[in-house]
Amino acid sequence: MDYQATLDYLYNSAPMFQQVGAGAYKEGLANTWALDEHLGHPHRSYRTIHIAGTNGKGSCSHTLAAILQEAGYRVGLYTSPHLLDFRERIRVNGQPVPEEYVIRFVEKERAFFEPLHPSFFELTTAMAFRYFADAGVDVAVVEVGLGGRLDCTNIIRPDLCIITNISLDHVQFLGDTLAKIAGEKAGIIKPGIPVVIGEATPETRPVFARRAEETGAPIHFAEEEAVRDYPDMEFELKGLYQAKNRRTLLAALPLLQEAGYRIREEHIRNGFARVTELTGLMGRWQKLQEHPMLVCDTGHNVGGIQYIAEQLRRQTCRQLHIVIGMVNDKDVRGALALLPHEAVYYFTQASVKRALPAEQLARLAAEAGLEGEVYPDVASAVRAAQEKSLPEDFIFVGGSTFIVADLLAGRDALNLH
C-alpha cells in the first residue's frame, strides 16, 4: 500500500472520532494494554509529560514542546485532531512522522491488531509511542484525546501532569456536569506525580484536590501560583485565551526544572516566541490575510468561543464578517448566544459527517438574532466574505476545527498565505 491507501485503510477499518463522532469511541483500556505489550512498552524508554483539559491543551502541548526543543531536547509531540494531514498528530522536533513509517507500521502490525478491532485513536496512540521510541526522543509531550481516566494515552507514567481547564464538552461520554467531566480529566493524576491545574472553578477544584489527596500527587493551581514574570517576553500565540495557557505553563516549568529538566530563561522566551515555526501548530488565532484582515481559530465549544467572541468585539474595524460552521454534537445554541449581533454572517459546513447542516445552523442563528446567508462549503463562504469586504474590514473563520481544516486546505485557491 502507498501512503494514501494506508490512510484509507486506517480510516475505514478503525473509525475516526474526528469524522464520525460517537461511533468511533471505545471505552476501556484493554486494547491499549494489548497493543502496548505487543509493541514492547515503548513509552517506557523516554520521559513523558501528560496534558489534558477541555480547551487549551493543544496550545499548551505545542508551546511546551517548543520550549523543550529550544532547551536542546529531542521532543516527541502527540496531539489531535489533525487539520490537513494525519502525520501532524505525531511529530519529532516539529517534523511529522514520515509517510514510510506509517505504511511500514500498518503493514507490519496489522496481523496483530486487526483481531482486536481497535479504534482509530487506540491504533494511532500505539503508533506514536512506538515511533517516538524508534526515533530516539528524550521526552514526549502527550496530549489526551478525550477525557483522561479511560483515554488510551493514560498508560504513561509522566514527569508532570497538566489539566488546562474544564468546560462542558463531549458530555455524552464524560458527563453532563463540570464536576463529572473534571472527574474524568482528573484520571490522569497519578501517585506522587505533580499536577498543574490551569483553571479551576468552585465545582471542579474539590474534584482535583480530592484526587490529588487520594493519590499523593502534589497539586498546583496555576491561578494561585506566584509565577515568575519575564518582562517584555514575546508571545506568538495571540488569542485572548492564551493568557491562561501561558500562566499554566509558567506554573509548570519550575516543576520540570525541579524534575531535572535543563530549561533556562532563553529557552522559555524563544519557545513562546516561535511556537508555530518549531512545532507546526496551526489554527490558533492564525492570521492568513491583511486588508481585510482574515483570522481563523479552532475554538469550537462554549468555553473556547466565549474568548473568541470577546476578542472579536475588541477588533477596531469598519465591518465584522464571520464565516461559521459547527458540528452536530456541540452546544450550538450556547455558542451562538455568545457571538456579536453586529457582524455579517456566512453560515457553512465542513466536509465531515459530523458537520451541522448550514441551513440548520442558520435557523438556530436567526433565533439568536444573528443574520446572514447560507453557503454549501467553506471555500464559497470565505470567497463571499472576501468579495463583500473592504480593506478596513475584519473576517473571522471558525466555529469548528473542521471549518479551519477546510479553510487551510483551500488557502491557495483563496489567495491566503
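**Helices, cysteines and salt bridges in a predicted model**

Student: How many of the 15 residues of α6 are buried?
Tutor: Helix α6 is largely enclosed by the rest of the structure. Buried means under 20% relative accessible area, exposed over 50%, and partly exposed in between, with a 1.4 Å probe and protein chains only. Helices (H or I, at least four residues) and strands (E, at least two) are DSSP runs, numbered from the N terminus. By that cut-off, the number of buried residues in α6 is 13 of the 15.

Student: What kind of model is this, and how are residues numbered?
Tutor: Side-chain values use heavy atoms, without hydrogens and water, and local features need pLDDT of at least 70, side-chain atom pairs count only at pLDDT 80 or more, and totals for chains, interfaces and linings use all residues. Residues are numbered from 1 along each chain as its sequence is written, and the model is predicted.

Student: How far apart are the end C-alpha atoms of helix α6?
Tutor: The expected span of a helix is 1.5 Å times one less than its number of residues. For the 15 residues of α6 (residues 120–134) this gives 21 Å. The end C-alpha atoms agree with that, being separated by 21 Å.

Student: Where is L116, and is it buried or partly exposed?
Tutor: L116 sits in the loop between α5 and α6. Its C-alpha atom is 6.6 Å from that of N31, although the two are 85 residues apart along the chain. With 25% relative accessibility, L116 counts as partly exposed.

Student: Which side chain of opposite charge is nearest to E109?
Tutor: E109 belongs to helix α5 (residues 99–113), and it is buried yet has no salt bridge. A salt bridge is a side-chain nitrogen of Lys or Arg within 4 Å of a carboxyl oxygen of Asp or Glu. Lys and Arg count as positive and Asp and Glu as negative, while His and the chain ends are not counted. The nearest opposite charge, 4.1 Å away, is on K108.

Student: How many disulfides are there?
Tutor: A disulfide is a pair of cysteine sulfur atoms within 2.5 Å. The sulfur of C161 is 14 Å from the closest cysteine sulfur, in C60, which is too far for a bond. For C296 the closest is in C317, at 17 Å, again too far. The count of disulfides is zero.

Student: Which residue pairs with R354 in a salt bridge?
Tutor: The N to O distance in this pair is 3.0 Å. R354 is in the loop between β12 (344–347) and α15 (358–367), and its partner is in the loop between β11 (320–324) and α14 (332–336), 25 residues apart. R354 is buried at 4% relative accessibility. The partner is D329.

Student: Which helices does the salt bridge between E367 and R333 tie together?
Tutor: The side chains of E367 and R333 meet at 3.5 Å, N to O. Both residues are exposed. They are 34 residues apart in sequence, and the helices holding E367 and R333 are α15 and α14.

Student: What percentage of residues 283–400 is strand?
Tutor: An unreviewed UniProt entry annotates these residues as "domain: Mur ligase C-terminal". UniProt positions are given in the numbering used here, feature names are shortened, and annotations may be inferred rather than shown by experiment. Over this range the end C-alpha atoms are 10 Å apart. The chain there is 32% helix, and the strand share is 22%.
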